[in-house]
Amino acid sequence: MEDPLDALRSLMASHSPPLHALVVPSEDNHQSEYVSARDKRRAFVSGFTGSAGLALITMNEALLWTDGRYFLQAAQQLTDRWKLMRIGEDPSVEIWIADNLPSDAIVGTDPWCVSVETAQRWEQAFLKKKQKLFQLSSNLVDEVWKDRPSADILPVTIHPLKFSGRTVAEKLKDLRKKLKVEKANAIIITALDEVAWLYNVRGNDVAYNPVVHAYAIVTSESAFFYVDKRKMSSEVFCFMDENGIEIREYSIVDSDVSLLASGQLKYSSATRDSQSDVQKAGKVDSHVTGNVDNTVEEKKHNMIWIDPSSCSLALYSKLMPDQVFMQQSPLALAKAIKNPIELDGLRMAHIRDGAAVVQFLVWLDNQMQEIYGASGYFYESEGTHKRKHLDSMKLTEVSVSDKLEGFRAKQENFKGLSFPTISSIGPNAAIIHYSPESNTCAELDANSIYLFDSGAQVLQGHIALDTARFPNGTTGHALDILARIPLWKDGLDYRHGTGHGIGSYLNVHEGPHMISFKPLARNVPLQASMTVTDGFKYWYHTLYIFFPPRMAWYQHCCKDITFNDCGNLTKEIVLSPHVVTVLLTGCPKPGYYEDGNFGIRLENVLIVKEASTKFNFGEKGYLAFEHITWVPYQKKLMDSTLLTPEEIEWVNSYHADCRKVLEPYLNEQEMEWLKKATEPIHVSA
């Protein structure tokens with residue numbers, strides 16, 4: 001097959017004007033972190049399949065930028081025609097262009113796949129040499145991608161009130177209040193999870209993310225939903241109609257944004273009549289739908305709100321600059337602060353998932369002993385493990401991952417995984433986002449490390465963050481250090497953030513808050529009823545560790561996240577050979593990776609809650625964390641002499657809670673295993 005680079009360079013040369021460079025981002029039209037198969041253009045041109053990255057193609061060079069999670073993976077997947085650019089270590093793409101391309105260079109990109117914020121940052125850098133960012137009328141990658149996947153027509157579903165906790169009418173009312181405060185008459189909502197959350201719908205357009213490709217426009221008196229109507233059932237049509245939302249084709253959003261800019265975007269007569277009927281029936285009052293005479297107010301408040309981080313350059317170009325109000329979407333924070341129904345759903349989802357993971361641990365413990373002669377979850381071994389059965393019986397990275405999903409699938413409200421399981425043995429464990437394939441995956445080995453997905457930190461840093469108390473107004477940037485201190489003491493660190501929010505049956509990475517060293521973590525303080533991970537990464541994945549000879553095999557608990565109607569799950573752990581050094585010889589740490597060997601990470605899901613403190617300095621009020629992940633830690637990996645009495649008490653208390661919470665969901669054999677796994681740690685005098 002012809003290398004896409006050659007075909008793209010031919011199109012770049014014949015383009016009018018000729019392009020000096022082509023930028024191929026990872027994002028789709030909605031600036032999504034995770035995209036559908038047909039939108040993985042950067043992966044197609046570069047061969048690098050990680051979720052984060054950007055490709056730059058010039059007539060002589062091809063460069064791929066990605067972050068620390070993917071350095072090893074990218075180095076393995078890129079051919080020698082590509083150069084890896086490490087974010088945080090190498091110059092950013094705009095600086096590289098400004099420094100290396102000639103004056104007046106034309107840099108082409110698809111304006112639908114670049115955010116306003118990103119485009120403006122690039123254009124500012126290009127001023128140095130009068131270089132130009134050129135908006136392409138068609139995506140050049142699509143022109144050379146001959147077997148590009150077709151768009152799937154998958155159904156839009158209603159997210160029931162018993163799980164969402166708030167009606168669409170209530171959310172629209174709150175949104176319109178925020179528009180009025182900011183003197184805006186309308187907002188263009190482009191982020192897929194925000195559209196889904198606002199209208200209480202879900203979909204399957206992006207693997208592992210229950211979202212639908214759609215836009216929303218909300219004004220002081222109207223609401224629109226832009227979606228492929230073939231995905232809509234009569235039930236969803238009625239649901240939208242009852243809430244005063246007009247459904248329009250996905251493909252006309254750009255023309256409707258132009259109408260919005262000129263003040264000509266109006267409800268159709270059918271929608272106006274329907275909304276009038278709703279009000280007459282007393283189902284929704286006028287203050288909720290906004291279907292009143294707002295002519296005077298509209299003239300005063302004529303700004304259009306866009307989120308510069310998620311609104312595409314293509315849509316922004318339809319607006320007049322002086323009518324645009326650019327600020328983070330008000331839905332980001334509203335979605336992040338979970339209501340009581342969502343919080344209860346998250347708690348129950350994690351309990352059910354914890355039970356499934358314990359069931360899986362019991363199964364894998366038995367299988368590893370039976371097939372590979374492993375010493376088991378609880379016991380040490382001095383020698384090399386010898387296989388007990390022929391090759392006809394074996395466990396692979398994929399088969400074990402599938403087994404875990406099977407245990408989860410039996411749980412109530414299971415909706416699927418929220419990320420392809422990272423199941424890896426030996427050196428594969430050092431690839432943070434390794435994804436095994438059935439035809440190439442490795443077999444498990446009792447003398448090598450095995451992990452499921454990854455987490456973010458090790459026990460001492462993990463406990464420090466979990467037990468933190470902090471005043472209202474504290475950001476995740478201030479808390480990030482708590483997880484890193486044990487690593488810093490030995491001159492170590494990890495290249496990613498420590499924690500992120502999670503959605504309520506939505507995306508596993510959710511802002512606007514985070515616990516991280518990144519400057520963005522300073523922007524939004526943590527608030528009660530937010531969710532956040534104590535560590536960094538995606539979600540529940542179970543992790544098993546097998547150590548080399550004389551170290552015995554170890555297993556630890558993460559969990560593959562399951563999308564439940566009631567919420568997302570999130571817990572991770574990555575352990576590896578270095579755990580022997582770190583956990584058994586002297587210093588548990590939040591996270592550490594050694595290419596080609598191992599990775600260490602722990603992660604639980606936490607709910608931010610109000611804290612009871614002896615004092616209340618400054619009358620600010622204080623916050624704390626409630627952990628909702630219930631899977632035991634591997635005590636065999638702990639050197640209790642390194643833990644403080646308070647840390648040991650924390651582990652013992654957590655394990656006691658695990659037994660109490662999970663007992664109703666386990667049979668007698670499983671419960672006996674859990675009791676042994678959670679026996680209290682006794683410290684020698």
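**A mixed sheet and its core**

An open sheet of 6 strands runs in the order E12-E11-E10-E8-E13-E14, with mixed pairing. The model is predicted: local features need pLDDT of at least 70, side-chain atom pairs count only at pLDDT 80 or more, and totals for chains, interfaces and linings use all residues. Residues are numbered from 1 along each chain as its sequence is written, and side-chain values use heavy atoms, without hydrogens or water.

Strands (E, at least two residues) and helices (H or I, at least four) are DSSP runs, numbered from the N terminus. Two strands pair if DSSP finds at least two bridges between them. Strand E12 (246-249) and strand E14 (324-326) each have a single partner strand, so one side of each lacks a neighbour in the sheet. Neighbouring strands are turned by 25° against each other on average, direction ignored.

Take E8 (residues 184-189) and E13 (residues 303-306). They run parallel, joined by 3 bridges. Ala184 has Met303 as its bridge partner in E13. Helix H9 (residues 192-199) packs on the sheet and touches E8, E10 (215-219) and E11 (223-227). Contact means heavy atoms within 4.5 Å. The direction of H9 makes about 55° with that of E10; axes are lines fitted to C-alpha atoms, for helices over the stretch in contact, and angles run from 0 to 180 degrees between N-to-C directions.

The largest nonpolar core has 78 residues, and Tyr199 and Phe225 touch the most other members. Such a core joins buried (under 20% relative accessible area, 1.4 Å probe, protein chains only) Ala, Val, Leu, Ile, Met, Phe, Trp, Tyr and Cys residues through side-chain atoms within 4.5 Å. H9 gives the largest share, 6 residues.

Conventions. Buried means under 20% relative accessible area, exposed over 50%, partly exposed in between (1.4 Å probe, protein chains only).
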